[in-house]
Amino acid sequence: MSSSGGPRARVPLIAGNWKMHKTVAEAEAFIAGLLPRVSSVTGVDVAVCPAFPSLGPVVDSTRGSRVEVYAQNMHYERQGAFTGEVAPPMLTELGVHGVILGHSERRQLFGETDRALQLKVPAALDEGLVPILCVGETEEERENGDTERKLRHQVQEGLQRVETERLGDVVIAYEPIWAIGTGRVATPEQAQDALGFVRALVADRSPEQARRTRVLYGGSVKPESCSPLLALPDVDGALVGGASLEVESFAAIVAAAA
């Protein structure tokens, strides 16, 4: 199921999710190595997603470059008694461009709920942040034929409170949970079926906004395996995990998407 308008009507996004890796010094060293490698690349947006302590330093290190900085999570309230949480205005004050929401590790390990994401996605948009809404099925759900049911639930819940005219501002990352950190990668056919279905769910509300929506693939994305995935009709880039921790591998994926 491909989109009318084709993938190149949308600028691909390659975002590196560093998870709980890199001290501030390591993050700054990474950026120093990355910038020369991607400064001349065109036709693709590039983002890194550091841990909270590194957000400010990495924003400073990337200032004036084409690399944007995204956070890995946020709360939906602008302030309040939420120990350990970070509010949207705290991110925008630093110069952060966007935020990952609903990553499977947040859902599985920290109890992230669809109810919370209903509030987080519009809160990010209201604050001028680009939300990357993560969705995906477990191995058991795929084996039971429940992939579409799971994706329908997650996408519809996550976008429920987003105004129709803003649906295209939300980036959706399809991450099959069985492929994250396992070295297993969805086949191009599996990925296209899932990503095409995700876009169709947006189109149920607005075909025009579905044509604007960037849908990313995530799940053990590596330089040697990314080209067939990035060439799929409904793939608009990748949310990269482990391969985003090394300059060489991340830059190679950016080049493949350009």
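Author: Let us begin with a single residue. This is a predicted model, and in it Cys134 has a relative accessibility of 2%, so Cys134 counts as buried.

Reader: In which strand pairing does Cys134 take part, and which residue is its bridge partner?

Author: The bridge partner of Cys134 is Ala173 in β6. Strand β6, residues 171-174, pairs with β5 in the parallel sense, over 4 bridges. Strand β4, residues 98-101, also runs parallel to β5 and is joined to it by 4 bridges. In that pairing, Ile100 stands opposite Ile132 of β5.

Reader: How should I read a helix, and which residues of α11 are buried?

Author: An α-helix has 3.6 residues a turn, so residues three or four places apart point the same way. In α11 the buried residues are Val247, Ser249, Phe250, Ala251, Ile253, Val254 and Ala257.

Reader: Ser249 has a polar side chain. What surrounds Ser249 in the model?

Author: Ser249 lies in helix α11, which covers residues 247-257. With a relative accessibility of 16%, Ser249 falls under the 20% cut-off and therefore counts as buried. Beyond its neighbours within four places in sequence, Ser249 is in contact with Pro223 and Ala243. A polar atom of the Ser249 side chain lies 2.6 Å from the backbone oxygen of Ala243. The chain also brings Lys222 to this region: its C-alpha atom is separated by 7.2 Å from that of Ser249, although the two residues are 27 apart along the chain.

Reader: Which contacts does Ala210 make?

Author: Setting aside neighbours within four places in sequence, Ala210 is in contact with Arg199, Val202 and Ala203. Ala210 belongs to helix α9, residues 207-212, and is buried, with a relative accessible area of 4%. The C-alpha atoms of Ala210 and Gly168 are 6.3 Å apart, while the residues are separated by 42 positions along the chain.

Reader: What does the chain as a whole look like?

Author: The secondary structure comprises 11 helices and 8 strands. The radius of gyration is 17 Å, close to the 18 Å given by the globule rule for 258 residues, so the chain is as compact as a globular protein of that length. Of the 258 residues, 52% count as buried. Among contacts with a separation of 6 or more, 73% come from residues 24 or more positions apart.

Reader: Where is confidence under 50?

Author: The pLDDT stays under 50 over residues 1-8. The chain averages a pLDDT of 94, and 97% of the residues score at least 70.

Definitions and conventions. Residues numbered from 1 in each chain as written. Predicted model: local features only at pLDDT ≥ 70, side-chain atom pairs only at ≥ 80, totals over all residues. Heavy atoms only, no water. Helix = DSSP H or I, 4+ residues; strand = E, 2+ residues; numbered from the N terminus. Buried < 20%, exposed > 50% of the residue type's maximum accessible area, 1.4 Å probe, protein only. Contact = heavy atoms within 4.5 Å. Polar contact = N/O pair within 3.5 Å; in protein donor to acceptor, adjacent residues only side chain to side chain. Pairing = 2+ DSSP bridges. pLDDT = per-residue confidence, 0-100. Rg over C-alpha atoms; globule rule 2.2 N^0.38 Å.
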